[in-house]
Amino acid sequence: MKAVLTGSHFMLGDIACAEGALAAGCKFFGGYPITPATETAERMALRLPQVGGHYIQMEDEIGSLAAVLGASCAGVKSMTATSGPGFSLMQENIGLGIVTETPCVIVNVQRGGPSTGLPTLAGQADMMQAKWGSHGDYEAIAYVPNSCQEMFDFTIKAFNTAEKYRQPVFVMADEIIGHMTERVVIPGPKKIKLVSRKRPKRKKNYLPFKPDKDLIPPMALAGEGYGIHVTGLTHDARGYPVIDEETQHEMVTRLIEKIRRHAPKIWEFEEVMTEDADIVVVSYGAASRSAGRAVNIARKEGIKAGLMRLITVWPFPEKRIKELAESAKAFVVPEINMGQISREVERFASGRVLSVTHAGGGMLSPEAVLQKIKEVAK
Amino acid sequence: MEVRLGGFGGQGIILAGFILGKAVAIYEKKEAVQTQSYGPEARGGSCLADVIISDEDINYPMGTVPDVLVLMSQDAFNENHDKIAGDAILIVDEDLVDASAFRKKNKVFKAPATRIAEEMGKKIVANIVMLGFLTGVADVVSHDAMKKSILDSVPKGTEDLNLEAFEKGYEHGKNSVAN
């Protein structure tokens, strides 16, 4: 069987995610099944052996991400897929992935929370957990698909970004997108742009955490003969633990700057009818499909509404929000949570920001968004 | 256009929705989104599949008010029969659904899908018989596209059985319209 299933498919979102991973060259999945992400794990369990990869079902999500980080350190593109409760368990090892600069992809098909919440029903309430969930300072990268095609496309993007910046990258899907079925067009393997981690050129004087000018250190693989040391403790360029203020400053600053400096290259968004918009609707994932419909109806009714759809929620495209705030009278932010990204928009928009919230368990309705647009348009 | 298929877990309702969506999205090159809802039970719980079909991009992916409602269990009928557009058509499996409570003026078709499947010796293909019936009575999808989609979606070695089920349902559907 081929790794890239070139052609047109009618495919479940979760399966498209798995196929995206395979097309990106993923050869390892460590996971623990959880609704509504199980179909991604099932697909990987079926497909990875067909393409010479490995699938391991671990004892839990802590072990799952540990296995993923280990596989990545050994040089294999690796991933896991989970949902809220599993994502919570993974937070500790997300920090380990950040600090050891280990590329991997973590898919969270969000369901309603907190806790066990709504296993079979949608939510988008892990957006801030993706930003802040592990302890300590770090910058997150999160793609948010809003279609089955994007489950495929953005999983590839996530792998590329993870490899490029040497960091775990999130695909923050949701139950609606994960469990819907749409056409997914998979291009030929040669048309899929792939990025692989930067590799050291010579063993002599190699320091595993000495960055290049772009702040990204070339990565030697375990077992290749390079002298490497990997730890969760604050470490110097050799990777050895150094427990002092200066080393902490140097390491944390670089890890943060590694992403912040490149943020304008990482962040992505899509705009519809924002050129002359008085009201800019900012949305992402499943909710953005309702937002799109609401904006279309508002336009037909003569209201100058536009849509800014976030492709990455992290890094947050703050620069563009600031620009839009110069001419827009108000922002409306629909999301299937109680206003997480709405506050983020508020930080950068000088104008009014109105939240359209939904506690989870279903799709946010276009009518709710339209009503808010009309309220501000008055 | 929205098609809602309802029944209980184990009848292949969601597979039926998938086959319909695939026929439209892959073989007719229109847009289609299929979603579903079901209870936590593996079998026997109530289950729904919604398929939205459009010539344009589909923004909002969830079903709202169906134009075609296909119901294969009494529970699905009880919960869904009044959520229907004025010019929608209702199709029920006549041996599984008592539709006497339906008071609206919509066109109602009664399909012996499960009975036909049982006569074929394979009750499991009732969903495919129903897809045939749906293709015969409603202007949703072409016979050709459905046939291709079924062939693509059923397990190897069961193609003939499923095509026979589809054709039988289709014939019944065509006859129901003619009568």
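Two strands are taken as paired if DSSP finds at least two bridges between them. Helices (H or I, at least four residues) and strands (E, at least two) are DSSP runs numbered from the N terminus. The model is predicted: local features need pLDDT of at least 70, side-chain atom pairs count only at pLDDT 80 or more, and totals for chains, interfaces and linings use all residues. Residues are numbered from 1 along each chain as its sequence is written, and chains are lettered from A in the order in which they are written.

Strand 7 (residues 142-143) of chain A pairs with strand 8 of chain A in the parallel sense, over 2 bridges. Here Tyr143(A) stands opposite Val171(A) of strand 8. Strand 5 of chain A also runs parallel to strand 8 of chain A, joined by 7 bridges. Gln110(A) has Asp174(A) of strand 8 as its bridge partner.

A residue is buried if 20 or more other C-beta atoms, placed from the backbone, lie within 10 Å of its own. In strand 8 (residues 168-174) of chain A, 7 of the 7 residues are buried, so the strand is largely enclosed by the rest of the structure. Pro168(A), Phe170(A), Met172(A) and Asp174(A) point one way from this strand, while Val169(A), Val171(A) and Ala173(A) point the other way.

Chain A has 13 helices and 15 strands. Buried residues make up 53% of its 378 residues. The C-alpha atoms of chain A fill a box of roughly 70 × 50 × 40 Å along the principal axes.

Helix 2 (residues 38-47) of chain A has Glu39(A), Thr40(A), Ala41(A), Arg43(A), Met44(A) and Arg47(A) as its buried residues. Contact means C-beta atoms, placed from the backbone, within 7 Å. The buried residues of helix 2 pack against several elements of chain A, including helix 1 (13-23), strand 1 (7-12) and strand 5 (104-112).

A nonpolar core is a set of buried Ala, Val, Leu, Ile, Met, Phe, Trp, Tyr and Cys residues joined through C-beta atoms within 7 Å. The largest such core holds 167 residues, of which Val105(A), Val281(A) and Met130(B) touch the most other members. Beyond four places in sequence, the contacts of Met130(B) include Ala16(B), Val70(B) and Gly169(B).

The contact between the chains takes 14 residues from chain A and 12 residues from chain B. Helix 1 (13-27) and strand 2 (31-38) of chain B each supply at least two residues of the chain B side. Helix 1 of chain B gives the most, with 5 residues.

How values were computed. A residue is buried if 20 or more other C-beta atoms lie within 10 Å of its own, exposed if 12 or fewer, and partly exposed in between; C-beta atoms are placed from the backbone. Two residues are in contact if their C-beta atoms, placed from the backbone, lie within 7 Å.
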